[in-house]
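Visitor: I would like a close look at one part of this protein, taken slowly and with the cut-offs spelled out.

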Amino acid sequence: MSNNTILIVDDEIGIRELLSEILRDEGYRVALAENAAQARAWRKQARPDLVLLDIWMPDTDGITLLKEWVSSGLLTMPVVMMSGHGTIDTAVEATRMGAAAYLEKPVPLQKLLSTVGRALRSGQAKPRMTLPLASLGRGALITDLKRRLEQVASLTAPVLLISEPGTGVDLCARFLHEPNTPWVEPDTLATLSNAPFELLEQAKGGLLFLKEIDELNKLAQKGLLLLLGKLERYSVRLVCVTSTPLASLAAQGVYDPKLYEMLSGLCINVPALREHREDIPELATQILSRYIESGDVPLRQFSTAALNCLRNHDWPGNLAQLTGAVHTLALSCTSDEISAEDVKQILVPSSPSQAVAGIPLDIPLREARDMFEKTYFEQLIEQENGNMTRVAERAGLERTHLYRKLKLLGIRLRGN
């Protein structure tokens, strides 16, 4: 007997009953919804293992419902679209948005069972850990970002993403990645110094994602130059990230001017979270929903005042820091509703005067940034008594990125 629950969403009672009978006979548990409203309500309460979703329904069509689940982070299960009079374009659109498969009605018995079995196996083997581009927000700046990414998606030229840490550049790069091709994201860029072509071999026919290329030393810059000359031969799409404008580094003489020229042909700015703060309440709610659904945190909700408090914070660590803050709030909150007071307790107010205290303004930006980051991390580590999980959460960084950053800044941890 299968433990898998399948939600059937179809406005035709005959179709619902037929599919339900077939699937129950095969041992599946079945839930039914006759329209999008019922499907929404069911999905908010539980996560089915699979959804069979009709495209043409009277209240809201299946494509629109699928888009809703994508944008709200609720597409964490395979969805098989169904239609009695669909078109190839509709099927392609649904699959591009994340549908696992497409079935034309009337559905042959064997095709139904084989598609359901394949979609369930795919859902178990590859849970949707990466979030859709909609997870960055829906405001004007993010809409423009999506439009720019769509324009360059079919090109082969290297893309340079200019962004502060934690803004979700990974999602942008994932959007440019062709499915079922290699994705290579090295933990360290040291390979560029000693074996750049190894990266090309690994990424052959796929995408190579390089972060923090503004921090490359001269040898690694030479390796990246060599790699750029061979991209076409290996059919590799290169996406790089920098948090410092390469033009200023080239002007200071710390960045190879030829490398800067080759990388700056296709630049896209990824906005900081404070630049599109109108998205913050919805993003925070989405993040909380994902944590609740995964079982990481108890059932919680934000008060309006709490969401407003999050909206007005500057978020120097951007989306990554917001995610860490939501996780902390959900675990530390003593009631079912997260209040504005709860939010204020975990947020350190930003003060422009503190940001420049002790840092001379007559030194290059790179040196000033290093001085600030060193002070910033030393204080965070002290405040958290060396708890690196909490330091990473507050800084809005992944642990591996944090340790790499501390090493670059020359910060020694206790016991090291």
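Visitor: Which residue in β9 does Leu-160 stand opposite?

Guide: Leu-160 has Cys-240 of β9 standing opposite. This is a predicted model, in which local features need pLDDT of at least 70 and side-chain atom pairs count only at pLDDT 80 or more, while totals for chains, interfaces and linings use all residues. Residues are numbered from 1 along each chain as its sequence is written, and side-chain values use heavy atoms, with hydrogens and water left out.

Strand β6 covers residues 159-162 and runs parallel to β9, residues 237-242, with four bridges joining the two; strands are DSSP runs of E with at least two residues, helices are runs of H or I with at least four, and both are numbered from the N terminus. Two strands count as paired if DSSP finds at least two bridges between them. Beyond this pair, the open sheet has five strands in the order β7-β8-β9-β6-β10, with parallel pairing. Its edges are β7 (183-184) and β10 (267-269), each of which pairs on one side only.

Across β6, β9 and β10 lies helix α6, residues 140-152, which runs at about 160° to β10. For that angle, axes are lines fitted to C-alpha atoms, for helices over the stretch in contact, and the values run from 0 to 180 degrees between N-to-C directions; contact means heavy atoms within 4.5 Å.
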